[in-house]
Amino acid sequence: MGARGAGISTAVTFAIEAALATFALSSPTRPVSLRRTGAEGTGSAREEARELVRVGAPAFVERVLYHIGFMTYALIVARLGDAAMAANQSLISVESICFLSADGFGVAAAALVAQKLGAGKPDEARQAAWIATRYAVLTLTSFGLGALLLRGIILPIFSRDPEVLAIGRSTMPVLAVAQPFMATSLVLAQSLRGAGKTRQALGVSLMGAVFVRLTATWLFAIVLGLGLVGVWMGSTTDWLVRAAVLATMFRRRSPPKPSMNRS
């Protein structure tokens, strides 16, 4: 079924994931349950709904803006030709290992930050965020260096076209450089969300994914004529700026306080 079959399998995967998540949250004995009806001083359903919208709406807007920015980013890549597009897809496939690993550290950091803040331990919440960030940086840096050293073996898995391989090999060093900045950005942003600071996370994402990334990518890839290397330099600039801003926010601010009531 080709690409249509791939789309169907993706939809089925999301459906299974949703069903399993709903089942996991259906037991009334769990700390977080969709069936729990007891009121342990958490306020009315309307109050909780308002609080959820206040915290969740910026996160929703953030994802929408991110994907709009990514679509525009993909259009810039498409201007470079079929070989560059194919090489870019190969590199994204390689980097997905790094991205998903960083996202895993970020989810863990968000959960720990929320737990520590709910327990009234903001210093430990900050510490958990930094520990997760350090482990993510070490892991992704190792992956990036490994991909760089093994690029002659990895890239031919995705394509045998000499032009695609040449573009991929020349771009792989930029991918490796980006990893520590991407790790820092993803984990600290997730930590902000775990603290309920979704508006701050939205602001950083809007600045990075929409303004910095698109501007830098257009400058390096089109204006300076660096091709796919310029595209990845643009995305790396985005990760670098986000990492710097988020790290500054975490170092300068007083320990974050939980923004949602917790029983």
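Which helices do the buried residues of α5 pack against?

Modeller: Happy to. A word on the basis: this is a predicted model, where local features need pLDDT of at least 70, side-chain atom pairs count only at pLDDT 80 or more, and totals for chains, interfaces and linings use all residues. Residues are numbered from 1 along each chain as its sequence is written, and side-chain values use heavy atoms, with hydrogens and water left out.

The buried residues of α5 pack against α3, α4 (122-149) and α6. Helices here are DSSP runs (H or I, at least four residues), numbered from the N terminus. Within α5, the buried residues are Ile154, Leu155 and Pro156; buried means under 20% relative accessible area, with a 1.4 Å probe and protein chains only.

Take α3 to begin with. Its axis lies 10 Å from that of α5, at an angle of about 115 degrees; axes are lines fitted to C-alpha atoms, for helices over the stretch in contact, and angles run from 0 to 180 degrees between N-to-C directions. On the α3 side, Ser90, Leu91, Ser93 and Val94 make the contact, and on the α5 side Ile154, Leu155 and Phe158. Contact means heavy atoms within 4.5 Å.

Met172 is worth a look too: beyond its neighbours within four places in sequence, Met172 is in contact with Leu91, Ala147, Leu148, Arg151 and Leu155. Both Leu91 and Met172 are among the residues with the most contacts inside the largest nonpolar core, which has 21 residues. Such a core is a set of buried Ala, Val, Leu, Ile, Met, Phe, Trp, Tyr and Cys residues joined through side-chain atoms within 4.5 Å. The elements giving two or more residues to this core include α3 (82-118), α5 (151-158) and α6, and α6 gives the most, with 6 residues. A second, separate core of 15 residues includes Ala129, Ala189, Val204 and Met249.

Further along α6 you will find Ser185, which is buried with a relative accessible area of 3%. The side chain of Ser185 reaches the backbone nitrogen of Ala243 at 3.2 Å.

As for confidence, the mean pLDDT of the protein chain is 87, and 91% of its residues reach 70 or more; pLDDT is the predictor's confidence in each residue, from 0 to 100. Among the elements, helix α6 (residues 162-194) has the highest mean pLDDT, 95. Over residues 259-263, by contrast, pLDDT stays under 50.

Methods
Buried < 20%, exposed > 50% of the residue type's maximum accessible area, 1.4 Å probe, protein only. Polar contact = N/O pair within 3.5 Å; in protein donor to acceptor, adjacent residues only side chain to side chain.
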